[in-house]
Amino acid sequence: MPSELDSTEKLFEKHSSKPYNPKLANVFFKSGMIEAWVRGFDKIKDACAKYDGRLPEYNISASGIMVLCKACDKYLDLLNEDSRLGQSDQDDDQVVIMRI
């Protein structure tokens, strides 16, 4: 990561994008796995807003980036509904997906 992108807040602000390995990035672009430079964080932010989810948390260090993505409540509710369908004979309080 460029040294100026040292926080989660800065990742979601407008910033320049220069691939660390342009040849590899070009392969991903030509294969359709990425559609344009600089759009990844915008797409993540838009998807989180659409589903009322929290933005991922990033731990940025010299050795790499660790990303923590937390499920939104809407997704957890859907998981709980699916669990209840298969376990109708159990009490509702036994069918809880971990909320963080």
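Is tyrosine 58 buried or exposed? Select tyrosine 58: this residue is buried, with a relative accessible area of 14%. Buried means under 20% relative accessible area, exposed over 50%, and partly exposed in between, with a 1.4 Å probe and protein chains only.

This is a predicted model, in which local features need pLDDT of at least 70 and side-chain atom pairs count only at pLDDT 80 or more, while totals for chains, interfaces and linings use all residues. Residues are numbered from 1 along each chain as its sequence is written, and side-chain values use heavy atoms, with hydrogens and water left out.

Next, select phenylalanine 41, which is partly exposed at a relative accessible area of 22%. Show both side chains together: the structure holds one aromatic pair, and phenylalanine 41 and tyrosine 58 form it edge-to-face, at 5.7 Å centre to centre and 65° between the planes. Rings of Phe, Tyr and Trp (its six-membered ring) pair if their centres lie within 6.5 Å; planes under 30 degrees apart count as stacked, over 60 as edge-to-face and the rest as tilted.

Now colour helix 3 (residues 40–50) and strand 1 (residues 57–61). Phenylalanine 41 lies in helix 3 and tyrosine 58 in strand 1, so the pair ties together parts that are 17 residues apart in sequence.

Finally, display the whole chain, which has four helices and two strands in the order α-α-α-β-β-α along the sequence. Helices (H or I, at least four residues) and strands (E, at least two) are DSSP runs, numbered from the N terminus. Of the 100 residues in the chain, 14% are buried.
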